[in-house]
Amino acid sequence: MAGDVSGPLCKDLCVHKNFHFAECLSTVPAKKIFGAKWREREVVVKINMSWFEELEKRQEFAKGKEVKSYENDISTRVRTLFGNCARCSELVSFLVSIADSDNDGKITGAEERSFMSLLQQNEAMMLMALNNSEHTVDFYGYCAGLYVLEKVPHVTAKVFEEKWELIDLSFLPEAVEPIQTAIDNLGGIILQAVFSFLQYLNAHFPNYLPMKINFVLHTFLATHVPSKREKFRLAYSLIDATLELSNNPYGLVISCDANLHNFGYTSDFVVKFIDLDLTYPLAFVKSLLKKKNCTCDSDCWTGVSEICCSACNTTTRYCTSEMQYHDLHIVCEAIIPKIFSKRNIRESDDTCLTNAIHELAEFCSRLPVVYTIEELKLEIHAVKKRLRSIETSNKC
Ligand SMILES: Nc1ncnc2c1ncn2[C@@H]1O[C@H](COP(=O)(O)OP(=O)(O)O)[C@@H](O)[C@H]1O
Ligand SMILES: [Mg+2]
């Protein structure tokens with residue numbers, strides 16, 4: 001494509017107008033995230049504003065220079081992140097092929113600058129490197145700093161963390177607005193009570209609630225929170241996702257921001273990472289930490305401090321590269337219990353299940369952090385076995 005920017009989706013975006021932008025998904029000024037429709041597909045379009053700074057640097061740098069070093073630049077970027085991995089050259093070749101966005105066998109200045117600036121965006125780089133994984137959203141392509149991803153129908157935080165709004169229950173009249181305000185002020189306590197009361201009514205007097213309310217209530221709540229069986233499917237898939245992230249040809253990978261907001265799932269309950277801004281190769285995190293000066297353990301972290309952290313060696317005054325946690329710990333100790341703690345209105349309180357999940361979390365907290373894929377597979381196997389015995393046991 002002529003001009004200063006390039007990418008395989010530029011024609012679709014600027015000439016054929018194949019994108020129909022819908023909702024804005026982020027309020028953070030540093031990035032723009034939109035839901036859109038592209039060639040009959042639901043997609044998410046992202047752009048990190050720091051891409052423009054990268055491009056500017058490259059434009060200055062490129063003045064009067066021939067584009068020859070792009071392959072070296074891609075290789076440097078790959079090795080900075082993944083270290084000297086045995087199969088890094090495969091990743092370099094793959095990225096070189098994507099950089100040639102019009103497939104004419106040549107890389108123009110515009111192609112080089114657009115793509116190299118995109119590779120500096122951690123999420124775009126990691127999504128391309130992990131694009132074969134079932135548990136990361138598909139990367140469909142890019143134009144300049146804008147990249148296009150598979151949109152997942154459910155974001156886990158929306159299902160398991162956010163409070164219900166009365167407005168979601170569309171059968172209720174507009175007069176509920178003041179009630180909603182009261183609910184907002186009371187942090188959802190009333191709403192929870194209303195739902196508990198309706199659940200009680202429904203369980204004890206099945207014919208009491210008017211048909212319409214009963215139907216909408218069931219549909220709404222049933223679609224909103226997955227059933228117990230579905231929660232187990234999500235939990236297995238989450239555990240698989242933590243393994244899949246690392247089970248790639250280039251080395252172990254760690255998410256330094258694993259939380260319900262950054263996962264989504266398909267209608268088949270396949271969990272996918274949707275936010276890889278702070279997902280890095282373990283080799284990169286370890287090398288960052290090793291270079292960090294410290295006086296105490298709380299200096300030794302990257303990404304989110306509670307997740308990707310090591311300890312301070314007070315003799316050398318440098319951080320160690322022994323991680324305190326792996327994603328499996330975060331998923332098993334924090335995320336899975338949250339999924340099971342959100343009740344589907346059709347199900348009654350299940351203290352036995354809650355206790356069993358709590359015991360599973362305790363088991364996970366005793367698992368050591370491992371540094372090879374073989375060891376990780378063993379740990380994952382052990383956790384899934386425990387989860388399966390909870391699911392099939394007659395106790396709960
Ligand atoms: N692939 C996706 N499918 C569905 N929703 C998404 C996707 N990517 C992002 N979103 C929505 O946009 C929100 C913000 O995206 P995210 O990449 O997590 O940005 P941030 O860094 O601001 O957290 C997510 O919490 C989610 O609601
Ligand atoms: Mg996020």
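Strands here (E, at least two residues) and helices (H or I, at least four) are DSSP runs numbered from the N terminus, and two strands pair if DSSP finds at least two bridges between them. Within this pairing, Lys-31 stands opposite Asn-48 in E3. The two strands form a hairpin with 2 residues between them, where Arg-39 takes a positive phi near 45°. Residues are numbered from 1 along each chain as its sequence is written, while chains are lettered from A and ligands numbered from 1 in the order in which they are written. As the model is predicted, local features need pLDDT of at least 70 and side-chain atom pairs count only at pLDDT 80 or more, whereas totals for chains, interfaces and linings use all residues.

On to the sheet around this hairpin. E2 and E3 belong to an open sheet of 5 strands in the order E1-E2-E3-E5-E4, with antiparallel pairing. Its edge strands, each pairing on one side only, are strand E1 (19-24) and E4. From one strand to the next the twist averages 30°, with axes taken as lines fitted to C-alpha atoms (for helices over the stretch in contact) and angles running from 0 to 180 degrees between N-to-C directions. In general, strands of a sheet pair through backbone hydrogen bonds, either parallel or antiparallel.

Val-45 stands opposite Val-148 in E5, and Val-44 has Leu-149 of E5 as its bridge partner. E3 is largely enclosed by the rest of the structure, because 6 of its 8 residues are buried. A residue is called buried if 20 or more other C-beta atoms lie within 10 Å of its own, exposed if 12 or fewer, and partly exposed in between, with C-beta atoms placed from the backbone. E5 is in turn connected to E4 by 4 bridges, again running antiparallel. Cys-143 stands opposite Leu-146 in E5. E4 and E5 form a hairpin with 2 residues between them, and Ala-144 in the turn has a positive phi of about 55°.

A second open sheet has 3 strands in the order E6-E8-E9, with antiparallel pairing. Strand E6 (154-155) and strand E9 (271-273) are the edge strands, each pairing on one side only. E6 and strand E8 (residues 263-265) pair over 2 bridges, and Val-155 has Gly-264 in E8 as its bridge partner. Helix H11 (residues 228-246) packs on this sheet, touching E8 and E9, and its direction makes about 40° with that of E9.

Helix H12 (residues 282-290) holds Phe-284. This residue is partly exposed, with 19 other C-beta atoms within 10 Å. Phe-284 and Val-253 are 31 residues apart in sequence and 9.1 Å apart in space, C-alpha to C-alpha.

The axes of helix H13 (residues 327-341) and helix H14 (residues 351-365) come within 8 Å and cross at roughly 170°. H13 is therefore roughly antiparallel to H14, given that angles over 145 degrees count as roughly antiparallel, under 35 as roughly parallel, 65 to 115 as roughly perpendicular and the rest as oblique. Among the residues making the contact are Leu-328 and Phe-340 of H13 and Ile-357 and Leu-360 of H14. By class, this contact has 10 nonpolar, 5 polar and 1 charged residues.

Overall, the protein comes to 15 helices and 12 strands, and buried residues make up 33% of its 396 residues.

Definitions and conventions: Two residues are in contact if their C-beta atoms, placed from the backbone, lie within 7 Å. Ala, Val, Leu, Ile, Met, Phe, Trp, Tyr, Cys and Pro count as nonpolar, Asp, Glu, Lys and Arg as charged, and the others, Gly among them, as polar.
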